[in-house]
Amino acid sequence: MNIQRVTSPGGIEAWLVESHVNPLIAMRFAFRGGAAQDTKDKAGLAYFVSGMMDEGAGGLDSVAFQERLQSLAMRVAFDAGRDVMLGNVQMLTANQDEAFDLLRLALTEPRIDPSAVERVRAQILAGLKFDENDPESVASLAWDRLAFQTHPYGRPIKGTMASIVAIAPADLIDYVRRVFARDRLVISVVGDIDAATLGHALDHVFGALPPHASLAPIADATPPLGPAREIIQMDVPQSVAQFGHRAFGRKDEDFMAAYVLNYIIGGGGFSSRLMEEVREKRGLAYSVHSNLYPYEHGAVFVGSVATQNEAVGQSLQVIESELKRIAEQGPSAEELASAKSYLTGAYALRFESSSSIANQLLWIEIEDLGIDYADRRNELVEKVSLDDIRRVAKRLIEADRLITTIVGKPVDAGLKAAPG
């Protein structure tokens with residue numbers, strides 16, 4: 001895979017993987033900022049903006065914009081993450097000039113028509129109402145609030161019923177003006193386009209954006225260590241528990257060892273320790289898993305388990321016991337070898353299509369890992385030694401200091417909320 005660093009005549013940079021096998025172009029781009037730029041009383045603003053970006057642009061209202069997308073066989077989607085606003089575009093090579101022009105309109109002349117605003121607002125409110133009755137969503141939101149407290153990461157990306165109602169069209173326009181700027185932009189492109197053509201397209205699509213964003217500074221988050229536990233009552237037959245604590249970031253020298261360790265703990269599906277102990281040996285849950293989230297301003301190690309109300313306490317005891325054991329003893333040589341074999345072998349599956357390649361490249365750019373990271377990544381996994389992973393297990397895992405949220409009707413006599 002030959003990744004070209006393309007710089008437009010106007011100085012806009014993108015990574016390109018040129019492929020003429022199919023007459024398709026996939027583009028991914030991101031503006032650094034994301035939902036962390038939402039103010040406390042306007043949580044969900046970035047998410048609201050992401051829902052408005054295909055609701056008309058320039059002289060095209062929502063209906064005309066959607067009809068134009070269909071006539072060009074073009075796909076456009078936006079999504080708000082904690083740290084980035086993401087854009088996803090797919091087009092036919094034959095329609096690239098018209099498609100790039102439509103994307104330019106969406107980014108530089110988005111329409112915030114009152115009727116579209118209210119329609120998108122109603123859709124978001126309906127989604128929030130649904131999430132209120134979803135134990136997994138409630139547990140996740142409560143965990144973020146406990147872990148990140150007053151930091152922007154503690155706010156729900158989708159907002160709340162009150163905050164979404166409070167967002168005005170002027171707030172949406174202000175977010176676009178503050179965040180959509182060239183100095184916070186990263187772009188990846190894969191497909192049937194050459195570097196010279198892409199360079200001119202970059203200037204056409206993004207060149208009219210402001211040169212500099214006006215972002216509020218975001219402090220690094222310092223999630224407290226527990227034990228802290230919150231129980232939220234919900235009349236459901238199965239409870240969901242989310243557990244975890246702070247971790248270390250993507251640039252930390254131990255991150256790759258922690259990534260491999262997480263696969264062994266709960267990221268490896270049926271081959272993981274937690275799945276073996278909680279489901280296979282004891283039949284306490286259908287699913288249990290863990291993950292590392294290396295956000296830009298604070299990383300966390302988070303796991304989740306769904307189990308019958310009567311088994312919540314026992315499931316959490318087994319999880320804590322297993323985390324303590326792996327922190328004290330580390331994984332075995334066989335577990336490490338198996339994890340490395342899977343992680344290196346499966347990496348190629350992330351590059352199956354133009355869209356997936358563009359997505360991988362974009363996140364490599366966002367995380368500033370270097371244009372050669374895809375070539376180096378498996379070597380970094382292979383370099384993780386047994387001594388490394390055992391040392392990192394002691395550094396990462398603090399099983400007696402977990403932050404835990406439980407949603408359901410747990411009936412365990414000894415299960416009580418711990419002080420925060």
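Student: How many of the 13 residues of helix H9 are buried?
Tutor: In this predicted model, the buried residues of H9 include Phe-255, Val-260, Tyr-263 and Gly-266. Buried here means under 20% relative accessible area. H9 is largely enclosed by the rest of the structure, because the number of its 13 residues that are buried is eleven.

Student: How far apart are the end C-alpha atoms of H9?
Tutor: H9 covers residues 255–267, which makes 13 residues. A straight helix at 1.5 Å a residue would reach 18 Å. H9 falls short of that, with its end C-alpha atoms only 15 Å apart.

Student: Which residue with a positive phi follows H9?
Tutor: The phi in question is near 60°. The residue that follows H9 with this positive value is Gly-269.

Student: Which elements cover the buried residues of helix H10?
Tutor: H10 spans residues 273–280 and packs on a sheet, touching E8, E9 and E10. Its buried residues are Arg-273, Leu-274, Met-275, Glu-277 and Val-278. The cover over them includes E8, H9, E9, E10, H11 and helix H12 (333–346).

Student: At what angle do the axes of H10 and H11 cross?
Tutor: Two packed helices are described by the angle between their axes and by the distance between the axes. Helix H11 takes in residues 312–329, and its axis comes within 10 Å of that of H10. The crossing of H10 and H11 is right-handed. The angle between the two axes is roughly 145°.

Student: How many charged residues are in the contact of H10 with H11?
Tutor: H10 contributes Arg-273, Leu-274, Glu-277 and Val-278, while the H11 side has Ser-315, Val-318, Ile-319, Glu-322, Arg-325 and Ile-326. By class, five residues of this contact are nonpolar and one is polar. The charged residues number four.

Student: Which strands are the edge strands of the five-stranded open sheet?
Tutor: The strand order is E7-E11-E8-E10-E9, and the pairing is mixed. Neighbouring strands of this sheet are turned by 15° against each other on average, direction ignored. An edge strand pairs on one side only, and the two that do so are E7 (228–233) and E9 (285–295).

Student: Which residue in E10 stands opposite Val-240?
Tutor: Strand E8 (residues 238–246) and strand E10 (residues 298–308) run antiparallel and are joined by nine bridges. Opposite Val-240, the residue in E10 is Ala-306.

Student: At about what angle to E11 does helix H5 run?
Tutor: H5 is made of residues 135–148 and lies across E7, E8, E9, E10 and E11. Strand E11 consists of residues 403–408. The direction of H5 makes an angle with E11 of about 150°.

Student: Why is one side of E1 and of E4 left without a neighbour in the sheet?
Tutor: The six strands of this open sheet come in the order E1-E2-E6-E3-E5-E4, with mixed pairing. E1 and E4 stand at its edges, so one side of each lacks a neighbour because each has a single partner strand.

Student: Which residue in the turn between E1 and E2 has a positive phi?
Tutor: E1 (residues 4–7) and E2 (residues 13–18) are antiparallel and pair over four bridges. One of the paired positions is Thr-7, whose bridge partner in E2 is Glu-13. The two strands form a hairpin with five residues between them, and a phi of about 95° belongs to Gly-11.

Student: Which residue in E6 is the bridge partner of Trp-15?
Tutor: E2 pairs with strand E6 (residues 185–191) in the parallel sense over four bridges. Leu-16 stands opposite Val-189 in E6. The bridge partner of Trp-15 in E6 is Ser-188.

Student: What is the relative accessible area of Leu-72?
Tutor: Leu-72 is in the loop between helix H2 (62–71) and strand E4 (75–80). Beyond four places in sequence, Leu-72 is in contact with Leu-92, Asn-95, Glu-98, Ala-99 and Leu-102. Leu-72 is buried, and its relative accessible area is 5%.

Student: Is Gln-96 buried or exposed?
Tutor: Gln-96 is in helix H3 (residues 96–108). Leaving out residues up to four places away in sequence, Gln-96 touches Ile-25, Met-91, Ile-193 and Thr-197. With a relative accessible area of 13%, Gln-96 is buried.

Terms used. Residues numbered from 1 in each chain as written. Predicted model: local features only at pLDDT ≥ 70, side-chain atom pairs only at ≥ 80, totals over all residues. Heavy atoms only, no water. Pairing = 2+ DSSP bridges. Axes fitted to C-alpha atoms, helices over the stretch in contact; angles between N-to-C directions. Contact = heavy atoms within 4.5 Å. Left-handed = near helix turned anticlockwise from the far one by under 90°. Nonpolar A, V, L, I, M, F, W, Y, C, P; charged D, E, K, R; others polar. Buried < 20%, exposed > 50% of the residue type's maximum accessible area, 1.4 Å probe, protein only. Expected span 1.5 Å × (residues − 1).
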